[in-house]
Amino acid sequence: MKFIFFSILLFVSVLNFSAQSPGILWLIRSLAYPQAPVGARFISLRPYLSHISTAGYINCRPSANPERDTAIMGPYQQAQFILSPVILDYYHPQDYRYIILQCPNSDVQDVIRKKLSARILFDGPNGVQLLDRGK
Amino acid sequence: MGYYLLRIMRPLRAMDIFLIPGLGLGVSAQIVFYSLLFFNRISPPAIIGIHLTGLLCLWIYNQYFLKKGPPTVWGPGQLGAVVVLLAVAGLAAALLAFHRPYGDWDGWAYWNFHANFIFRAGSHWQRVFASSMQGRHPWMLPCMVLWGWSFDGRESTLVPIVISIIFTVSCMGFLVCALKEYVPFYCAVFAGVFLFSIPIYILVGTSQYAEILMAYFILTASVLILDLLRHPSRNAAFLAGLFLGFAASSKDNGIMAAALLSILVMSCLARTTGSRKLIRPLAWGVTTIMVSVLIMKSFDALNVGNYAYDIFWPGLWNPQRWSLIGDCVWNGLFDKPWGMLWPIACAVIWVFQRNWREKEGITLVIKFLIFYFFLYLFIYAASILELKWLLDVSYYRLLYTLVPTLIFVMFYILGSREDERV
């Protein structure tokens, strides 16, 4: 009986290894293209946030369930990762003087900026802006 | 540091090679945490100074006051076989890890985020509890990363990568070397090969998640408990307690796993008059590490304002929730990433009951696996979070932490003789 189970385990191991071989080949081929740095689009904001402890974060992408939407939570958490120790607040961004606005559409950016009565402190690439609501 | 500490507790054996990284990094994480509390910031000179002083003291004690134990004995070709297996696994782990230098989502969004924040925030490190990524899980992994960055002097991606590779390979190495003490060598190596063949093992191991730490510490704690029951001694009890504490400090789930294992082993020890005296050193071992977890949780509770896990009691009696959980469990049994592990393991445990029912040690570990799994199903049913999402993101990680221990149990049952005592 034990021999039967050992044989099954051996067979399953061989199957598992052969199922993984396309993945291994893909991995070796893609070694030239490692994972992009996390939060790269926000890194240019760092010098402007060195004296700031908290800021709001707005992503203009519409979503029925933003907390489960990786297209919203992903950039937000990437921004939090790369800009720490600044605390970014996604849920109450209007409560802060400094706000990071991520929006690829410049018209929508203008609408949001006017609503917040904010000026642009830094206009970065990939639709990322740092807004200042202070005087 | 792990090497010298382990030598103080007992003569080294083959499996201790792979206990050393866990013990060393675990102790270093504790030193980083307490230095953070004492200096109110990460102080690399202090951390390096404490480590060098500790190393020097341990070296002196080992060199001049400790009797040298007998050398570890390997059979012909055994060491070579283990080295080859681990070199191949290490190479695969390194390839995957360096391809994803920031790890998977939770690797950078949670674990490395905490390390980043504390490293950069100076004396304002407590503000990490105010972030939306609340510091709910214990900080063993971030403290290990901070330890590496203290020596490196910067927040390099290399440190978390190397830590993930160390634990992925050490877990496999420990599985083989620990099994070698109970089953024929070919069986032990086969267990390592089978673990390596499971697609999800190295993938999650190199994701820079705490799951690989928890999997490693649950396996090591379980084997040390078996060892304790086989060769009872105060040092063995303390060592088992330490690794239970490390399991608890890896993740919140680890606290539950360590508590369950502790209760099972203490009730087992309490049943035998001669073994009752081992409960205290075991408890001391757990407490030594749990203190840091309690301190961290206190900071979290003070900053968040409350520490109640919301429980949705009616969920326990909701048949729709149980149906969803049942579907998830059933589908997970035959899911490709697990490589048919679950149905085979369940079949082995069921068919060969005679091989383990009379052996207190392995029965204890099997009970732990079963109780822990079903306890978590109840937690899922009673959670206030959206159940489908929760199962999608966390169920496979729950199972992952049990994989090495389950494979140990499976190959123990298949390889050990029926007249074996433990």
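Two strands count as paired when DSSP finds at least two bridges between them. Keep that in mind for the sheet in chain A, an open one of five strands. The model on screen is predicted.

**Stop 1: both chains**

Show everything. The model scores ipTM 0.88 and pTM 0.93. Colour chain B by pLDDT. The average there is 89, and 94% of the residues score at least 70. Where pLDDT is low, the predicted coordinates should not be read in detail.

**Stop 2: chain A as a whole**

Select chain A. Its secondary structure consists of three helices and five strands. Read from the N terminus, the order is α-β-α-β-β-α-β-β. The radius of gyration is 23 Å, whereas the globule rule gives 14 Å for 135 residues, so chain A is more spread out than a compact globule. Of the 135 residues, 28% count as buried. Now look at contacts in chain A between residues at least 6 apart in sequence: 63% of these join residues at least 24 apart.

**Stop 3: the sheet of chain A**

Select the five strands of chain A. The sheet order is β2-β1-β3-β5-β4, and the pairing is mixed. Strands of a sheet pair through backbone hydrogen bonds, either parallel or antiparallel.

Which strands stand at the edges? They are β2 (87-89) and β4 (119-123) of chain A. Each has a single partner strand, so one side of each is left without a neighbour in the sheet. Look along the sheet next. Neighbouring strands are turned by 30° against each other on average, direction ignored.

**Stop 4: β5 and its two partners**

Select residues 128-132 of chain A, which form β5. This strand is mostly covered, with four of its five residues buried.

Check one partner, β3(A). β3(A) and β5(A) pair in the antiparallel sense over five bridges. To see one of the residue pairs, pick A:Gln102; its bridge partner in β5(A) is A:Val128.

Then check β4(A). Here too the sense is antiparallel, and β4(A) and β5(A) are joined over four bridges. Pick A:Ile120 and find A:Leu131, its bridge partner in β5(A).

**Stop 5: the hairpin turn**

Stay with β4(A) and β5(A). They form a hairpin, with four residues between them. Zoom in on A:Asn126, in the loop between these two strands. Its phi is positive, about 60°, although the residue is not a glycine. Most residues other than glycine have a negative phi, and most peptide bonds are trans.

**Stop 6**

Select α2 of chain A, residues 70-83. This helix lies across β1 (54-59), β2 and β3 (98-102) of chain A. Relative to β1(A), α2(A) runs at about 155°.

Follow the chain on to A:Pro85, in the loop between α2 and β2 of chain A. Inspect the peptide bond from A:Ser84 to A:Pro85. This bond is cis, with omega near 20°.

**Stop 6: where chain A touches chain B**

Bring chain B back into view. On this interface, 27 residues of chain A are in contact with 31 residues of chain B. On the chain A side, the elements giving two or more residues are α1 (2-29) and α2 (70-83). Which of the elements gives the most? That is α1(A), with twelve residues. Colour this side of chain A by residue type: 16 are nonpolar, nine polar and two charged.

**Stop 7: chain B**

Chain B has 19 helices and zero strands. Its radius of gyration is 21 Å, which agrees with the value near 22 Å that a compact globule of 422 residues would have. Along the principal axes, the C-alpha trace of chain B spans about 65 × 60 × 50 Å. Buried residues make up 46% of the chain. Of the contacts in chain B with a separation of 6 or more, 78% come from residues 24 or more positions apart.

**Last stop: B:Met340**

Find the loop between α14 (319-333) and α15 (341-351) of chain B, where B:Met340 lies. Its phi is positive, near 65°, in a residue other than glycine. B:Met340 has 19 other C-beta atoms within 10 Å and is partly exposed. The cut-off for buried is 20 or more.

How values were computed
Residues are numbered from 1 along each chain as its sequence is written. Chains are lettered from A and ligands numbered from 1 in the order in which they are written. This is a predicted model: local features need pLDDT of at least 70, side-chain atom pairs count only at pLDDT 80 or more; totals for chains, interfaces and linings use all residues. The radius of gyration is taken over C-alpha atoms; the globule rule is 2.2 Å times the number of residues to the power 0.38. A residue is buried if 20 or more other C-beta atoms lie within 10 Å of its own, exposed if 12 or fewer, and partly exposed in between; C-beta atoms are placed from the backbone. Two residues are in contact if their C-beta atoms, placed from the backbone, lie within 7 Å. Ala, Val, Leu, Ile, Met, Phe, Trp, Tyr, Cys and Pro count as nonpolar, Asp, Glu, Lys and Arg as charged, and the others, Gly among them, as polar. Axes are lines fitted to C-alpha atoms, for helices over the stretch in contact, and angles run from 0 to 180 degrees between N-to-C directions. pLDDT is the predictor's confidence in each residue, from 0 to 100.
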